[in-house]
Amino acid sequence: MPELPEVETSRRGIEPHLLNQKIINITIRQHKLRWPIPNNLPQLATGKTIRAVSRRAKYIFIELDNGTIIIHLGMSGSLRICTHKIPAEKHDHIDIQVSNNKILRLRDPRKFGCVLWAKDTVSEHRLIKLLGPEPLGDTFTAQYLYDNAKKRTCSIKAFIMNSHIVVGVGNIYASEALFRAGINPKRKAGNISLTRIYKLVDAIKKTLTAAINEGGTTLRDFTGAEGNPGYFSQKLLVYGRKDESCTRCKQPIKQFTQQARSTFYCSKCQK
Ligand SMILES: [Zn+2]
């Protein structure tokens, strides 16, 4: 599943090809994604200039003068930049062609992604309005997380994966950040000191920033027809490393299930 670093890498990859270009054509081959692509999207967006390509949580915003196209990659979606010379394949559901003749193409085999239209301020859209702060933004601080964790009895891992609390901390990054901060993923959110929460916020920011930088170095080309733009392998410290030795203490990494998701951690380094 594309996580926040992949989405941000995708945004950075497509932005230079789209910015200040006029949309000249939109071809929808499959309306039925997680929510249907609006029938009138071509009428609304064709002829309009792309003023910004931005991101909030795992949503990419193509901002026009009269509204915003909201794109989510779901479980398996990816974006690429191509031209007419590259024929669309089975899972290429929508093409947005711009005035430099490049095409933004969404491929989504599992169809859990979406392409929607926000007429008014996009931050007020129903999918966006209730989202917590961006993990790399200034408002996501240790004090903020600590204040919101008070009296919470859920696990710290579930807490940081709650998009009302902070967006974009997916399953992989939650495990990685908790390892970096030395916090046991099962520990109750409301039972962690401010000092340790400070370490955790720092770890979340560092983990995500490192992944975005990694994506930027491995995924320079968003214009190819092959491959999976937006996905990349990363150097992970605990995730997917069950029974391998901890990079700090050499004990085997443990795995267990939390909220139906795999958690990986070191029982010696994380308390
Ligand atoms: Zn360890």
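**Terms and their grounds**

Modeller: Gln43 lies in helix 2, which spans residues 41-45; helices (H or I, at least four residues) and strands (E, at least two) are DSSP runs, numbered from the N terminus. Residues are numbered from 1 along each chain as its sequence is written. The model is predicted: local features need pLDDT of at least 70, side-chain atom pairs count only at pLDDT 80 or more, and totals for chains, interfaces and linings use all residues.

Biologist: What makes strand 2 and strand 8 edge strands?

Modeller: Two strands pair if DSSP finds at least two bridges between them. An open sheet of 4 strands has the order 2-3-4-8, with antiparallel pairing. Strand 2 (52-56) and strand 8 (114-118) each have a single partner strand, so one side of each lacks a neighbour in the sheet. From one strand to the next, the twist averages 25°; angles run from 0 to 180 degrees between N-to-C directions, and axes are lines fitted to C-alpha atoms, for helices over the stretch in contact.

Biologist: How do you know that strand 2 and strand 3 are joined?

Modeller: 5 bridges join strand 2 to strand 3 (residues 59-64), and the two run antiparallel. The bridge partner of Ala52 in strand 3 is Glu63. Helix 1 (residues 4-18) lies across both strands, at about 170° to strand 2.

Biologist: Why is the protein chain called as compact as a globular protein of its length?

Modeller: The chain has 6 helices and 10 strands. Its radius of gyration is 20 Å, close to the 18 Å that the globule rule gives for 271 residues, so the chain is as compact as a globular protein of that length. The radius is taken over C-alpha atoms, and the rule is 2.2 Å times the number of residues to the power 0.38. Along the principal axes, the C-alpha atoms fill a box of roughly 55 × 35 × 30 Å.

How values were computed: Contact = placed C-beta atoms within 7 Å.
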